[in-house]
Amino acid sequence: MDPGFLDLELIAMQLFSGVALGAVFVMLALGLSIIFGMLGIVNFAHGNVFMVGAYAGVFVMERTGSFWAALLFGPLMVGALGLLIERFLIRPLAGRSPDDPLLLTFGLGYVLVEGVRILFGSDGLPFATPEELSGVADLGIGFFPIYRLFVVGVVALVLVALWYGLERTRLGLIVRAGARDPEILRVLGVDIQRLWLWVFALGIALAALGGVLAAPMRSVNPEMGNVVLGEAFAVTVIGGMGSLMGSVVAGLLVGIVVSMTALFAPEMASIAMFAFMALVLLVRPQGLFGKPGLGV
Amino acid sequence: MQTLDQTVVAAPPKVPRRSPIALDGVSRWRAPLSILALLALPFLLPSQALAVNVLIYGLYAVGYNLLYGYTGLLSFGHAAFFGTGAYLTGIGIGAFGLHPLLAMALAVVAASGLALVIGTVSIRSRGIYFAMVTLALAQLVYYVALQASSWTGGENGLRGFTVSTIDLGIVSLNILNPLTKYLFVLAFVGAALALISRILASPFGAVIEAIRENETRARACGFDVERTKLLAFVLSGLFCGLSGALSAIHLSIVPLDSLAYHTSGTAVVMTLVGGAGTFFGPFVGALTVLVLEDVLSLWTPHWQLALGSVFILFVLFLPRGLWGTALGRLTALRGHR
């Protein structure tokens with residue numbers, strides 16, 4: 001084989017790695033965007049919720065021994081936590097400055113990190129790739145870890161389900177109307193408080209699902225959330241806050257940018273995402289898909 | 001709560017979090033009074049190191065408060081300025097053998113320059129975006145420092161620039177003596193407080209508060225809102241850079257953590273707990289948080305659980321902070337007379 005062909009192959013593989021990495025970013029940014037679009041708040045505990053999701057996955061897996069149970073019940077448990085957070089911490093702040101829920105969730109981040117440290121210890125935990133998903137698959141251009149393909153598949157499924165739910169169901173119609181004009185919706189007799197409650201929990205559960213999915217790919221430790229938060233913000237800012245389309249495109253784009261940088265200049269990989277964000281901001285302050293002035 | 005169409009609505013309603021301005025007579029004396037209060041600190045606290053930390057983090061929070069409390073911009077990236085001030089002071093002394101004061105001055109200039117760059121990018125994004133963008137840009141600075149390990153020491157932090165004496169020409173300060181070190185740091189903090197008090201009393205100070213109260217109206221009045229915000233951002237970065245420089249002198253080591261998200265959050269916590277938009281509040285916040293840490297960490301390694309919970313309670317029930325609430329009560333009392 002000539003070296004040029006080899007290079008192309010390597011680039012294609014790296015592109016695929018980027019998509020798998022980006023799929024996790026998509027889950028994070030989707031949760032952030034859904035919560036922002038509906039409730040108008042930025043969840044600063046989002047990274048820590050991702051971390052709690054990974055630990056919930058560990059917890060379920062230890063009890064049941066099944067990765068599939070962890071994938072299902074981990075996010076459900078964290079989503080239930082999201083219900084409590086919305087009901088007892090976010091809701092009392094209704095009518096106050098949009099900074100207040102942001103600050104509150106920031107404080108919540110400390111509590112989640114220390115809570116996990118108390119329950120699971122401060123050291124990182126291993127999270128083995130489930131046996132049925134380990135190994136590599138031949139993609140024609142090269143061998144690729146099956147687990148990463150699986151992650152991309154799950155995220156694609158979630159995206160289709162979300163799209164269907166939002167665009168094709170009656171509930172989705174109500175949710176979209178609520179994002180556009182909560183006052184009118186209230187006048188029409190919809191219990192918008194309850195809607196906010198469930199949408200918040202959904203956003204939280206999506207982040208937790210991202211955490212469980214990412215767990216076998218990156219180490220699980222209490223501090224991982226703070227790193228993830230910056231990444232999630234960069235993706236959301238690039239895509240445009242409140243835009244679901246933006247979350248998906250930006251998530252994949254950032255994943256690809258990071259893994260391509262890792263190929264050519266590994267030491268620049270973690271810098272690339274934020275530099276990319278700064279670049280996008282200079283050209284389009286509202287993000288790729290954001291409408292101007294959407295951010296309050 | 002808020003709609004996607006809020007672009008048409010002029011400005012989001014902001015809950016006033018500022019202190020009442022009624023204590024006019026005091027505001028002229030706020031800098032000297034603050035310095036007097038800080039002079040007493042080393043004799044009230046259990047350790048000199050804690051007292052120096054209160055000064056340094058107090059100044060950090062005061063600088064942060066200039067942006068958050070007075071201009072109304074919620075930044076989550078001020079670690080970038082604190083860390084830059086600290087790292088460049090250490091590098092100036094350690095790698096280039098500069099006089100500590102010169103190293104500090106250069107570090108403060110660099111932190112202000114960085115604030116100019118980060119401010120230019122982030123001020124284009126408004127409201128809630130601003131917090132996210134500043135956070136992400138600070139992460140960028142963090143990763144740059146992590147990778148430039150030949151200069152910064154990477155994960156191990158910057159070491160090897162111990163400052164024991166500072167030659168001032170006429171006298172030489174032995175800052176290994178805790179009280180001398182405290183007074184040395186206090187000289188800078190006091191000067192900074194006097195300067196900030198002057199800035200707040202200037203027309204510029206009035207404009208930034210006008211922007212916090214109602215940005216659209218300030219713009220309609222003919223003020224250049226963007227440039228004013230940028231100037232407030234740079235000034236805030238300058239004072240936070242100075243506090244970082246002082247922390248490098250104090251610790252003789254710069255941990256990588258000084259650039260981390262955690263450090264940005266510290267400024268937010270201290271400012272809010274003390275009282276955003278009040279002159280002395282950030283010091284009260286720094287004192288409260290550091291004493292809480294000092295006491296609780298004796299009992300449990302999980303003291304941040306208490307810190308987070310206390311912070312949540314403040315957001316829910318005491319958003320004006322300790323000092324802000326106390327000032328509010330005082331004004332109410334005076335009003336009744």
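Is the crossing of H12(B) and H13(B) left-handed or right-handed? I looked it up, keeping in mind that this is a predicted model: the crossing is right-handed. Helix H12 (residues 281-299) and helix H13 (residues 303-317) of chain B pack at about 145 degrees, and their axes are 9 Å apart. On the H12(B) side I noted Val289(B), Leu292(B), Glu293(B), Leu296(B) and Ser297(B), and these meet Trp303(B), Ala306(B) and Leu307(B) of H13(B). Sorted by class, that contact has six nonpolar residues, one polar and one charged.

Next, H3(B). I checked its length: at 1.5 Å a residue, the 16 residues of this helix (79-94) should span 22 Å, and the end C-alpha atoms are 22 Å apart, so the two agree. I also looked at burial, and 16 of the 16 residues of H3(B) are buried.

Then the two chains together. I found 51 residues of chain A in contact with 45 of chain B. On the chain A side, H1, H4, H6, H9 and H11 each give two or more residues. H4(A) gives the largest share, 15 residues. By class, I noted 31 nonpolar, 12 polar and eight charged residues on that side of chain A.

Last, the record. The unreviewed UniProt entry lists transmembrane regions in chain A, including residues 233-256 and 263-283. I checked both in the model. Residues 233-256 of chain A are 83% helix and 0% strand, with end C-alpha atoms 17 Å apart.

Terms used:
Residues numbered from 1 in each chain as written. Chains lettered and ligands numbered in written order. Predicted model: local features only at pLDDT ≥ 70, side-chain atom pairs only at ≥ 80, totals over all residues. Helix = DSSP H or I, 4+ residues; strand = E, 2+ residues; numbered from the N terminus. Expected span 1.5 Å × (residues − 1). Buried ≥ 20, exposed ≤ 12 C-beta atoms within 10 Å, placed from the backbone. Axes fitted to C-alpha atoms, helices over the stretch in contact; angles between N-to-C directions. Left-handed = near helix turned anticlockwise from the far one by under 90°. Contact = placed C-beta atoms within 7 Å. Nonpolar A, V, L, I, M, F, W, Y, C, P; charged D, E, K, R; others polar. UniProt positions renumbered as here; feature names shortened; annotations may be inferred.
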